Protein chains: 4
Amino acid sequence: MIIVLKAEVTKKQVDHVVTKIKELKLKPVVSKGIERTIIGVIGDEAEVRLQPLEAFPGVEKVMDIQKPYKMVSRESRHQGSTFDLGKDVVIGGKKVVIMAGPCTVESQERIMKLARLMKKSGATVLRGGAFKPRTSPYDFQGLGEIGLKYLAAAKKATGLLIVTEMMDVRDLPLFERYADIIQIGARNMQNYNLLKEVGLSRKPILLKRGMANSIKEFLMAAEYIYSQGNHRVILCERGIRTFETTTRFTLDIGAVPVLKSETHLPVVIDPSHPAGKRAFVPALARAAVAAGADGLIVETHDKPEEAVCDGPQALLPEIFDELMKDLRNIARAIGRDI
Amino acid sequence: MIIVLKAEVTKKQVDHVVTKIKELKLKPVVSKGIERTIIGVIGDEAEVRLQPLEAFPGVEKVMDIQKPYKMVSRESRHQGSTFDLGKDVVIGGKKVVIMAGPCTVESQERIMKLARLMKKSGATVLRGGAFKPRTSPYDFQGLGEIGLKYLAAAKKATGLLIVTEMMDVRDLPLFERYADIIQIGARNMQNYNLLKEVGLSRKPILLKRGMANSIKEFLMAAEYIYSQGNHRVILCERGIRTFETTTRFTLDIGAVPVLKSETHLPVVIDPSHPAGKRAFVPALARAAVAAGADGLIVETHDKPEEAVCDGPQALLPEIFDELMKDLRNIARAIGRDI
Amino acid sequence: MIIVLKAEVTKKQVDHVVTKIKELKLKPVVSKGIERTIIGVIGDEAEVRLQPLEAFPGVEKVMDIQKPYKMVSRESRHQGSTFDLGKDVVIGGKKVVIMAGPCTVESQERIMKLARLMKKSGATVLRGGAFKPRTSPYDFQGLGEIGLKYLAAAKKATGLLIVTEMMDVRDLPLFERYADIIQIGARNMQNYNLLKEVGLSRKPILLKRGMANSIKEFLMAAEYIYSQGNHRVILCERGIRTFETTTRFTLDIGAVPVLKSETHLPVVIDPSHPAGKRAFVPALARAAVAAGADGLIVETHDKPEEAVCDGPQALLPEIFDELMKDLRNIARAIGRDI
Amino acid sequence: MIIVLKAEVTKKQVDHVVTKIKELKLKPVVSKGIERTIIGVIGDEAEVRLQPLEAFPGVEKVMDIQKPYKMVSRESRHQGSTFDLGKDVVIGGKKVVIMAGPCTVESQERIMKLARLMKKSGATVLRGGAFKPRTSPYDFQGLGEIGLKYLAAAKKATGLLIVTEMMDVRDLPLFERYADIIQIGARNMQNYNLLKEVGLSRKPILLKRGMANSIKEFLMAAEYIYSQGNHRVILCERGIRTFETTTRFTLDIGAVPVLKSETHLPVVIDPSHPAGKRAFVPALARAAVAAGADGLIVETHDKPEEAVCDGPQALLPEIFDELMKDLRNIARAIGRDI
């Protein structure tokens with residue numbers, strides 16, 4: 001940590017900060033420059049980060065040198081994490097994992113039909129919401145446990161794994177029973193009680209990045225889960241909020257190489273939510289695989305006109321099937337596979 | 001609702017949309033322009049909004065005419081809502097309500113001392129967190145119920161009302177017992193299960209705007225609470241996330257007149273979180289009162305160097321006291337009071 | 001155009017708007033809904049858009065139906081524009097055009113060396129700045145005309161075409177002499193006098209998107225150039241400004257499919273400026289080709305430590321050479337080539 | 001400057017950086033921490049900032065300690081700049097300077113009428129564009145020199161000073177003749193050739209912040225003008241681009257205290273462009289004065305329905321007159337005046 005002092009700092013103020021650092025059993029190194037005096041702090045920043053050093057008189061700003069995330073950082077583990085999601089589906093390895101399905105589970109018949117189509121095209125995980133976070137209290141809120149049961153039936157019929165979103169800390173037992181991968185949605189990325197709860201689960205977690213959260217905050221949220229003992233955390237970039245409105249969100253494709261350099265956790269891209277319109281989804285999906293994503297999670301629907309949510313961004317199964325061919329070719333072009 | 005069709009739309013596609021609208025018992029009005037055909041939908045948009053019309057073939061985009069929020073909208077109630085928070089503290093009226101106190105409750109002694117100082121300067125509500133949403137799992141997470149008890153003691157001693165943040169749906173009984181106003185934090189603005197839970201409470205709710213949420217989403221979140229039957233919702237703007245980093249967030253001061261025109265609910269400003277540094281807080285607080293806010297919620301601390309959170313942005317009690325004088329003068333300059 | 005009136009609009013106000021529309025020789029269609037009265041305007045919006053209808057009493061908002069850009073829109077020309085840049089280099093066709101070279105021209109020797117290396121790896125256009133827009137007045141501002149001469153020499157030696165940035169309206173004759181493609185930088189995207197000036201040139205223009213400009217504004221800027229008679233406009237997405245700071249800008253990869261659907265002009269991606277660090281450049285370059293970009297413009301340098309600008313984001317020639325192999329494979333995977 | 005090295009840095013790489021710093025006649029201080037080695041650089045950062053140190057092998061990041069702006073910084077001049085704009089109008093002092101008038105000069109009659117009304121309400125500077133930066137090439141582009149002449153006539157009749165926007169480097173002689181204050185618009189804030197040109201003028205410059213420019217870039221743009229010898233630079237915050245769309249831009253009210261702490265230059269707020277709608281302008285104007293702005297620049301129009309630009313955000317003269325009373329009261333409440 002580097003503490004930059006104000007131009008007009010007094011000796012007494014410098015001593016006050018130095019004393020505080022020594023109290024914390026750390027080593028201060030004072031260095032006088034031509035415009036500023038700075039204090040370098042040698043030792044573990046974790047402790048000193050808890051101190052409001054910017055509140056000390058004479059301090060202009062405090063700059064971190066160490067990363068605030070520890071266990072999920074690439075430095076703590078140089079090799080990328082590779083782990084099993086169930087039924088031999090491995091994420092973080094050579095194969096790009098494709099998760100696909102509807103925004104929400106609508107009926108047993110439909111989810112069964114879609115599951116079969118997704119499976120045929122090469123997906124290995126089925127997505128579908130049973131509990132839905134909806135902007136309006138008047139929108140459809142999901143089928144609840146019934147939805148989870150339909151997903152379980154689709155899994156039984158096809159062998160696909162199930163990823164589905166959990167929103168309420170009280171629902172963990174339900175998700176332990178029915179889900180293979182528990183999704184934490186973008187709107188709950190900083191719902192820390194929920195993060196702690198799923199940190200106690202032994203199911204893999206698909207953690208979506210909040211629409212206005214920095215990479216650093218994203219990794220801190222992952223650290224919440226990881227530090228509780230659940231090490232199977234998958235990071236999912238799904239578009240951030242910017243001034244641009246022709247797409248629903250702005251896919252931060254740069255997050256792929258950044259996350260790959262900052263953390264050992266696998267990285268998945270959701271090309272559907274940032275697109276907002278189905279016509280834009282394939283380009284984003286292709287870009288994601290080319291950029292090096294370990295997986296994709298894509299919304300599909302056989303009758304988008306009847307979809308109770310996100311119909312406009314759902315791919316038709318036949319378009320999804322064509323897209324899968326492109327994705328496979330791109331994966332191979334960069335030494336991977338699907 | 002206006003449905004804009006693509007330039008190359010076919011008659012069959014137009015008919016298909018028209019049929020759907022009639023099925024919903026609404027009246028479609030087709031109008032051919034020189035570049036585009038559009039369909040106006042006459043009737044209640046609530047029903048049609050649930051349909052994924054943008055997923056219909058030939059549809060380019062769908063534009064809402066009606067507001068998606070109903071009960072909290074200014075149109076549903078032309079006069080601003082004015083309501084009692086307890087002990088004759090009224091929000092939404094002529095008097096600007098000042099809420100002040102530390103980021104988090106640290107000890108009984110300190111909260112008592114601060115409560116007395118805030119009271120003396122003219123605050124009527126004491127703020128202080130007992131459960132804290134922290135970006136890092138390694139940061140102090142709050143005293144929990146003990147903290148709530150200390151707040152209750154401070155209330156008893158000073159007569160100040162208590163506003164404090166609730167993060168977990170399971171904690172409502174605790175907050176019903178100790179809090180006068182339940183705060184929903186920015187990170188939980190779209191935690192819909194939490195919104196529904198406090199919608200069932202009879203305590204007033206201070207709802208903070210999410211750092212990347214639009215005014216429309218903010219009002220939809222308020223509608224979640226309001227539509228459950230809890231009509232005492234206070235909206236709090238606390239800074240949005242933008243590219244600018246010299247302040248911690250960007251205070252959206254324009255939200256004050258916008259909210260005043262869109263909703264009848266009272267509007268409060270938090271000048272501390274957007275500032276991030278105490279030197280910038282007074283200017284934002286003065287601006288908020290001049291812009292027409294119904295209240296302020298300000299962080300203060302008698303020893304910011306010892307604060308376990310947000311020390312750098314906490315005002316010293318003596319600075320807060322001076323600020324209160326300015327605020328009172330500004331309030332009077334525009335026909336209000338503090 | 002749709003004019004939405006306020007809930008409390010009077011008959012007199014409606015008539016006043018209707019009269020205005022008729023004066024403009026357009027056809028107003030008044031339609032009363034349950035919450036709002038709206039007026040549809042039939043005819044060419046270009047004229048009515050110049051009227052401040054939102055300033056009329058009783059008007060709540062005005063919604064455009066037609067696109068404000070005409071000549072560059074995909075509707076005005078269904079097939080994508082394909083044009084020659086010189087020496088048989090065609091943009092907008094099957095081949096992805098690769099432009100590469102240093103941020104700025106530093107010396108004849110270096111630009112010559114880099115040109116030869118770029119050529120060898122498969123680039124067909126050499127980039128390099130002679131006039132540089134620098135954030136600080138104390139930074140190196142470019143070699144000026146000398147730099148252009150060095151570029152011309154490199155062209156003569158290698159056959160590569162030259163793309164270089166013009167910043168001053170007075171410099172057009174210089175650029176007509178030395179450049180093959182004139183670049184308008186992101187900071188000048190709304191410098192309308194400059195746009196008009198290059199609209200009179202017969203050189204192709206590479207127009208970079210401003211860091212905070214919407215797709216619509218980007219296309220309006222292209223329309224400025226196009227409507228002056230210069231139809232060879234290439235659009236370049238180079239990252240937008242968002243809250244995320246781990247990359248220098250956020251590459252808006254979604255702009256590729258959006259632009260492809262909105263305009264017939266070719267689309268190029270600059271992966272270097274959004275990355276900011278060379279380690280992130282290859283992933284963005286690969287994503288761009290996979291998303292369907294018609295070209296790339298990449299910064300390279302043989303001795304980044306000696307670069308007078310943007311050294312940290314410049315690729316070493318050997319890394320660029322490897323990247324080119326990946327890009328060629330990806331291009332072929334989606335039916336294109338490099 | 002602090003150079004943070006990568007965890008895996010080699011001794012050779014450290015030595016290489018150290019050698020470079022010594023070559024620049026600066027003093028490197030190497031400090032080994034538990035996770036990172038860092039190198040502090042003692043001496044003038046200006047020189048070292050020109051070096052691409054982040055491009056050196058083993059370097060993770062480079063953090064500035066010194067400010068890149070020198071002459072405009074508050075450190076270079078502790079007291080705020082106060083200067084004369086002409087005719088005893090002083091900016092930066094106790095009196096808040098009010099600039100008001102139409103978006104664009106439309107006719108001699110109208111500008112004369114508006115000038116008289118503004119003067120009567122207490123404005124001391126008349127605003128009005130003769131050359132207009134318009135997003136669309138099909139919009140009205142201003143009256144040009146004729147517009148400047150009308151402004152001059154209004155000045156003669158009322159004694160108001162004239163502020164008007166210059167867009168083209170070739171127009172300086174015209175502006176020297178007719179304007180009292182030359183405005184550089186938001187879209188040209190990083191048009192460095194234009195900044196250098198007006199830096200050679202002896203007229204005061206009103207520099208508007210670009211819609212996506214950081215405070216640091218804003219001050220660097222001011223430094224461009226200041227370092228050419230023109231010290232009368234006024235900074236104008238006019239709203240930044242964010243995700244929020246209910247207002248045209250988001251007024252960054254926090255920029256007032258931030259700029260006051262970072263620079264000695266006077267700060268003016270434009271409440272009209274961020275508002276976008278006249279109903280929101282007064283709240284922003286009041287907030288600006290309360291926050292400590294040294295001036296306001298407000299759009300007004302006597303017949304907004306006939307305005308050729310920005311009619312919806314123009315205040316009617318009678319509303320402006322009322323607003324002026326509020327502003328005067330607020331100014332006095334904080335010890336200033338209008």
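Which residues have the most contacts inside the largest nonpolar core? Select A:L207, B:L207, C:L207 and D:L207: these have the most contacts inside that core, which has 319 residues. A nonpolar core here is a set of buried Ala, Val, Leu, Ile, Met, Phe, Trp, Tyr and Cys residues joined through side-chain atoms within 4.5 Å. Buried means under 20% relative accessible area, exposed means over 50%, and partly exposed lies in between (1.4 Å probe, protein chains only).

This is a predicted model, in which local features need pLDDT of at least 70, side-chain atom pairs count only at pLDDT 80 or more, and totals for chains, interfaces and linings use all residues. Residues are numbered from 1 along each chain as its sequence is written, chains are lettered from A and ligands numbered from 1 in the order in which they are written, and side-chain values use heavy atoms, with hydrogens and water left out.

**Stop 1**

Zoom in on D:L207. Not counting residues up to four places away in sequence, D:L207 touches D:I184, D:M189, D:L195, D:F218, D:A221, D:A222, D:I225, D:V233, D:I234, D:L235 and D:C236. Contact means heavy atoms within 4.5 Å. Next select B:M1, B:I21, B:L26 and B:V62, which are among the 17 residues of a second, separate core.

**Stop 2: chain A as a whole**

The chain has 11 helices and 14 strands; helices (H or I, at least four residues) and strands (E, at least two) are DSSP runs, numbered from the N terminus. Of its 338 residues, 67% count as buried. Among contacts in chain A with a separation of 6 or more, 68% join residues 24 or more positions apart.

**Stop 3**

Select A:R110, in helix α3 (residues 108-121) of chain A. Is A:R110 buried or exposed? A:R110 is buried, with a relative accessible area of 15%. Beyond its neighbours within four places in sequence, A:R110 is in contact with A:H301, A:D302, A:K303 and A:E306.

Move to A:K87, in the loop between β5 (83-86) and β6 (89-91) of chain A. The phi of A:K87 is near 50 degrees, a positive value in a residue other than glycine. In chain C, select C:K87, found in the loop between β5 (83-86) and β6 (89-91). The phi of C:K87 is also positive, near 50 degrees.

**Stop 4: chain A against chain B**

Show chains A and B together. Here 48 residues of chain A are in contact with 48 residues of chain B. The two chains bury about 4100 Å² between them, 50% of it on carbon and sulfur atoms. Buried area is the accessible area (1.4 Å probe) that two parts lose on being put together, summed over both. Select A:T135, A:Y138 and A:E305, which supply 16% of the area that chain A buries against chain B, more than any other three residues.

Across this interface of chain A and chain B there are 4 salt bridges, each a side-chain nitrogen of Lys or Arg within 4 Å of a carboxyl oxygen of Asp or Glu. A:E217 forms a salt bridge with B:R241, with the closest N and O atoms 2.6 Å apart. On the chain A side, α6 (192-199) and α7 (215-227) each supply at least two residues. The largest share, 5 residues, comes from α7(A).

**Stop 5: chain C against chain B**

Switch to chains C and B. The contact takes 25 residues from each of chain C and chain B, and the two chains bury about 2000 Å² between them, 63% of it on carbon and sulfur atoms. The interface of chain C and chain B has 6 salt bridges. To see a salt bridge, select C:K67 and B:E60, whose side chains meet at 3.9 Å, N to O. On the side of chain C that touches chain B, β1 (2-5), β2 (27-32), β3 (37-42) and β4 (59-63) of chain C each supply at least two residues. The largest share of that side, 3 residues, comes from β4(C).

**Stop 6: helix α10 of chain B**

Finish with residues 281-291 of chain B, helix α10. Why is this helix described as largely enclosed by the rest of the structure? It is largely enclosed because 11 of its 11 residues are buried. Including B:V281, B:R286 and B:A291, the buried residues can be picked along α10(B). Just after α10(B), select B:G292, which takes a positive phi of about 110 degrees.
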